[in-house]
Amino acid sequence: PIALNYWGAHTGRLSGGDGLNLQNLPSRGDTTIRKALRAPEGYEIIACDSSQIEARIVAWLAEQDDLVQAFREKRDIYSEFATDVYGRTITKENKKERFVGKTCILGLGYGMGADKLQRTLALGAGGISVTIEANEAERIVRLYRQKYWKIVQLWRKFDNAIAGMLRGEEGHIGAIRYDHEGMWFPNGMVLRYHELRQASGGNGFEYINKRAELRKFRAGDPSAKFTNIYGGKATENIVQGLAALYIREVMVAAVAANMRCILQVHDEIVIASPKEYAEMHEHNLVQLMSTPPKWAPDLPVACEAGRAENYGDT
C-alpha cells in the first residue's frame, strides 16, 4: 500500500507519507520510476486526471461566466488567451505561444505579478521556455486582469474575508463560509489560519503555517515564523482545497463502484483493475470525473484517462 497523509498540506491536499512521496515523480523526461510501478499479474493500471480543475474552479468561484462557458464548451482556453496576447490566431500548432497562454491561465488567476510571470515563462516546462521583456510581462498581466476582472474581484473578496475573520465576522464567498475559526469547505472541514494577525507595518495579514512554528509560538518562542496571506494567496488555498475535496469525493464514488484506488496524485486518481474489467472501469471512472460535485452543479469538469500495465505508460 502507498501511504498518504489525509490533510498533509495546509490547503487540505494529500501529501506523501512514511518518507516516500510518490506524488512528486517526474512526469516528463526520465519516467523510469513511474514505469517501475507495475500492475499485478492479470491487472492494468488506469490513471484519470482532472483537466484544468483549478482554473475551472477559480472561474466558477469568481462567477467569471464567460470563462466558465468557454470551459463548458470545451474550447482551447490556452490558445484563446494567447490569441489575445499576440494579436493573431494561435492554435495548438503554435507551441511556444500557446505555452504562454497556458502559463497565464493556470498562474495569473492567483494574482501572479509580472516579475513572476517573466521568471515562470523563462523557466519553462515540457521542453518549452519563452523569454519576454519586463514591460511585455506587465502588459500581459494587465490584459488578463482586464479580461477576467471578476477573478480580480474574487481576490478582493478574500482580502475582505481575511479582515472579517480577524474581527470575528461571518460571511460567504460562493460555496465557502468564513468566520473567526477559518474558511469552511462544503463538506464541513475548515481551513485554519493559525494566529492570524495584521502583518508588521500594518500592510496585509500573516499567520503561522507550519506545525513546528506553531508549537514554537505557543511555547513563547519569539523566533516562530509567520507566513503572509492576502486575497490572491487565499484564493489559491481555497481553490486547491476545493479541488482536493472534489477528487476525494470521486475516489469515494469509485470505491463504491468496486474500483480499487491505489494512488492519488494532485488531480489524478490511479486505480488497479482486473484486465477483463479494465475497459469498463476506465469508462466508469471517466464518467465520474466528468460529473460536477453536488456543491457545484454548474462547474464544468473534464478529464483525460489512460491505462497500461505500468504507471509510466498510462
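Student: At what angle do helix 8 and helix 10 pack?
Tutor: In this predicted model, helix 8 spans residues 149-166, and its axis lies 7 Å from that of helix 10. Angles of 65 to 115 degrees count as roughly perpendicular, and the two helices are therefore roughly perpendicular to each other. The packing angle is about 95 degrees.

Student: Which residues of helix 10 make the contact with helix 8?
Tutor: By class, this contact has six nonpolar, three polar and one charged residues. Helix 8 contributes L154, W155, F158, D159 and I162. On the side of helix 10 the residues are G231, G232, A234, T235 and I238.

Student: How far apart are the axes of helix 2 and helix 8?
Tutor: Helix 2 covers residues 53-62 and packs on helix 8 at an angle of about 75 degrees. That value falls in the range from 65 to 115 degrees, so helix 2 and helix 8 are roughly perpendicular to each other. Their axes are 9 Å apart.

Student: How many charged residues does the contact of helix 2 with helix 8 have?
Tutor: Helix 2 brings V58, L61 and A62, which meet K150, I151, L154 and F158 in helix 8. Lys counts as charged. By class, the contact has six nonpolar residues, no polar ones, and a charged count of one.

Student: In what order do the four strands of the open sheet lie?
Tutor: The pairing in this sheet is antiparallel. Strand 11 (260-265) and strand 13 (303-308) are the edge strands, each pairing on one side only. Neighbouring strands are turned by 20 degrees against each other on average, direction ignored. The order is 11-12-3-13.

Student: Which residue in strand 13 stands opposite D49?
Tutor: Strand 3 (residues 43-50) and strand 13 run antiparallel and are joined by six bridges. In strand 13, the residue opposite D49 is E304.

Student: Which strands of the sheet does helix 10 touch?
Tutor: Helix 10 spans residues 231-256 and packs on the sheet. Its direction makes about 165 degrees with that of strand 11. The strands touched are strand 3, strand 11 and strand 12 (268-274).

Student: Where in the chain is confidence lowest?
Tutor: The mean pLDDT of the chain is 91, and 94% of its residues reach 70 or more. Confidence is highest in helix 7 (residues 134-147), at 98. Where pLDDT is low, the predicted coordinates should not be read in detail. The lowest value, a mean of 68, belongs to strand 2 (residues 15-16).

Methods: Residues numbered from 1 in each chain as written. Predicted model: local features only at pLDDT ≥ 70, side-chain atom pairs only at ≥ 80, totals over all residues. Heavy atoms only, no water. Pairing = 2+ DSSP bridges. Axes fitted to C-alpha atoms, helices over the stretch in contact; angles between N-to-C directions. Contact = heavy atoms within 4.5 Å. Parallel < 35°, antiparallel > 145°, perpendicular 65-115°, else oblique. pLDDT = per-residue confidence, 0-100.
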